[in-house]
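Welcome to this guided tour.

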Amino acid sequence: MGGTGTPPAWPFPLAAAEKLTAQIQYHVFVYPHETKNSHVLVRAKPEQPLQNFTVCLQSYTDLTRPYSLFSYATKAQDNEILLFKPKPGEYRFYVGGKFVTFRVPQSIVASEHICASWESATGIVGFWFNGKPWPRKGLQRGYTVGAEAAIVLGQEQDAFGGGFDIQQSFTGDLSAVYMWGMGISTSEVMEAMYNRPSKAPIFGWRNFPYKIVAWLRELIWA
Ligand SMILES: [Ca+2]
């Protein structure tokens with residue numbers, strides 16, 4: 001619980017950070033406190049509505065209550081895209097307000113890397129846990145994901161850009177966040193795990209405009 005006495009010296013522009021550390025291999029957002037408002041607001045969004053997408057990220061936490069990792073809301077649908085962990089050993093992936101559940105091993109405080117992809121034409125959802133593809137499921141065939149989005153890491157939106165619930169907030173470390181407007185292969189999932197994607201994302205660590213809101217920090221290891 002260090003640094004609680006003074007306001008954090010963040011946010012500072014990512015461009016400045018990249019100038020300071022030319023060989024960035026790894027960034028992590030640290031959510032040190034349970035709060036009802038601390039989050040990262042992603043400042044990039046798709047240029048047009050999505051028929052396909054993939055989201056990947058890595059998290060490290062000892063939470064056992066529900067928490068939200070990736071919340072993509074539109075004005076019409078607050079759960080337009082949502083990666084949510086309702087309890088240990090289970091992930092929920094929402095598209096357009098409907099969800100599928102993926103059961104995963106219950107780890108004892110281990111870092112978990114996940115990717116989730118969705119394709120409108122088939123409705124097929126792909127899910128990878130620590131680089132391993134899980135059995136595919138189906139969701140929202142024919143749906144289109146809206147592009148005018150508020151994208152929030154670490155809080156769950158029940159309204160566009162807000163409506164957070166402290167009991168669904170994330171604490172811990174969040175890293176390797178990527179979103180593509182396309183599907184992904186298992187080898188590309190592995191590339192994302194190691195922060196070396198070969199396909200240009202809508203946003204990802206080397207192209208990741210963001211704003212830190214309230215009480216959390218970004219740490220950079222060069
Ligand atoms: Ca919601």
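Two strands count as paired if DSSP finds at least two bridges between them. The strands themselves, like the helices, are DSSP runs numbered from the N terminus: a strand is a run of E with at least two residues, and a helix is a run of H or I with at least four. Before you select anything, please note that this is a predicted model, where local features need pLDDT of at least 70 and side-chain atom pairs count only at pLDDT 80 or more, while totals for chains, interfaces and linings use all residues. Residues are numbered from 1 along each chain as its sequence is written.

**Stop 1: the whole chain**

Color by secondary structure. The chain holds two helices and 15 strands. Of its 222 residues, 36% are buried. A residue is called buried if 20 or more other C-beta atoms lie within 10 Å of its own, exposed if 12 or fewer do, and partly exposed in between, with C-beta atoms placed from the backbone.

**Stop 2**

In which order do the strands of the open sheet run? Seven strands line up as 7-6-5-4-12-2-14, with antiparallel pairing. Strand 7 and strand 14 (210-213) are at the edges with a single partner strand each, so one side of each has no neighbour in the sheet. On average, neighbouring strands here are turned by 20° against each other, direction ignored; the axes behind this angle are lines fitted to C-alpha atoms, for helices over the stretch in contact, and angles run from 0 to 180 degrees between N-to-C directions. Strands of a sheet pair through backbone hydrogen bonds, either parallel or antiparallel.

**Stop 3**

Select strand 4 (residues 67-73) and strand 5: they run antiparallel and are joined by five bridges. Show Y67, which stands opposite K85 in strand 5, then S68, whose bridge partner in strand 5 is F84.

Is strand 5 largely enclosed or left open? Five of its seven residues are buried, so strand 5 is largely enclosed by the rest of the structure.

Strand 5 (residues 81-87) pairs with strand 6 (residues 90-95) in the antiparallel sense over five bridges. Look for I81 with its bridge partner V95, and for L82 with its bridge partner Y94. The two strands form a hairpin with two residues between them, and G89 in the turn has a positive phi of about 85°.

Now move on to strand 7 (residues 98-103), which is antiparallel to strand 6 and joined to it by six bridges. Y91 stands opposite F102 here. Strand 6 and strand 7 also form a hairpin with two residues between them, where G96 in the turn has a positive phi of about 60°.

Stay in strand 7 and select K98. K98 has 12 other C-beta atoms within 10 Å, so K98 is exposed. Leaving out residues up to four places away in sequence, K98 touches L139 and Q140; such a contact means that the C-beta atoms, placed from the backbone, lie within 7 Å. Draw a distance between the C-alpha atoms of K98 and Q140: they are separated by 7.4 Å, although the residues are 42 apart along the chain.

**Stop 4: the nonpolar core**

A nonpolar core is a set of buried Ala, Val, Leu, Ile, Met, Phe, Trp, Tyr and Cys residues joined through C-beta atoms within 7 Å. The largest one has 48 residues, and V55, C56, L57, L83, C115 and L153 have the most contacts inside it. Strand 13 (residues 172-180) gives the most to this core, with six residues.

Click on C115. Setting aside neighbours within four places in sequence, its contacts are T54, V55, C56, W128, I184, V189 and A192.

**Stop 5**

Which residues of helix 2 (residues 186-193) are buried? They are E188, V189 and A192. These cover an arc of only 105° around the axis, so they are on the same side of helix 2; the arc is that of the directions from the helix axis to the C-beta atoms. They pack against strand 3 (52-60), strand 8 (112-119), strand 9 (124-129) and strand 13.

Just after helix 2, N195 takes a positive phi of about 60°. N195 has 17 other C-beta atoms within 10 Å and is partly exposed.

Finish at N130, in the loop between strand 9 and strand 10 (132-133). Its phi is also positive, near 50°. Most residues other than glycine have a negative phi.

Definitions and conventions. Two residues are in contact if their C-beta atoms, placed from the backbone, lie within 7 Å.
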